[in-house]
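Here are a few quick notes to read alongside the coordinates. Open the structure first, then go through the points in order.

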Amino acid sequence: DNLDPKVAVPAFINVNDGTCEGITYHDMPAFTVQFHPEACAGPKDTEELFGRFIQMMRDYKEKEGASCR
């Protein structure tokens with residue numbers, strides 16, 4: 001109820017109680033989850049989260065010229 005939609009939007013909503021379990025931010029390369037994505041029911045249910053995180057790191061590395069080992 002207190003999330004400013006100009007800043008972020010809910011990414012995951014708990015189907016049992018309607019609580020927010022994840023947020024995607026508009027103005028920064030960040031997102032959150034309030035659960036263990038590796039422990040979901042199906043083997044690929046949240047695989048997209050890991051791919052998304054890896055892509056964010058790659059984009060940062062390209063943009064900032066950072067070295068990752």
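**Notes on side chains and contacts**

1. Let's start with the ring: Arg52 sits over the face of Phe31, 4.2 Å from the ring centre. Keep in mind that the model is a predicted one.

2. How many aromatic pairs does a search of the whole structure find? The count is 0. In general, you would describe a pair of aromatic rings by the distance of the centres and the angle of the planes. With 0 aromatic pairs found here, there's nothing to tabulate of that kind.

3. Next, Ala11, which belongs to strand S1, residues 8–13.

4. Who does Ala11 touch, if you skip residues up to four places away in sequence? Gly22, Ile23 and Thr24. For Ile23, the C-alpha to C-alpha distance from Ala11 is 4.8 Å, with the two residues 12 apart in sequence.

5. Asn14 is in the loop that runs between S1 and strand S2 (20–25). Why does Asn14 count as buried? Because its relative accessibility is 17%, and the cut-off for buried is under 20%.

6. Asn14 also has a polar partner: its side chain and that of Glu21 are joined by a polar contact of 2.7 Å. Leaving out residues up to four places away in sequence, Asn14 touches Glu21 and Thr19.

Notes:
Residues numbered from 1 in each chain as written. Predicted model: local features only at pLDDT ≥ 70, side-chain atom pairs only at ≥ 80, totals over all residues. Heavy atoms only, no water. Helix = DSSP H or I, 4+ residues; strand = E, 2+ residues; numbered from the N terminus. Contact = heavy atoms within 4.5 Å. Phe/Tyr/Trp six-rings, centres within 6.5 Å; stacked < 30°, edge-to-face > 60°. Lys NZ or Arg CZ within 6 Å of the ring centre and 35° of its normal. Buried < 20%, exposed > 50% of the residue type's maximum accessible area, 1.4 Å probe, protein only. Polar contact = N/O pair within 3.5 Å; in protein donor to acceptor, adjacent residues only side chain to side chain.
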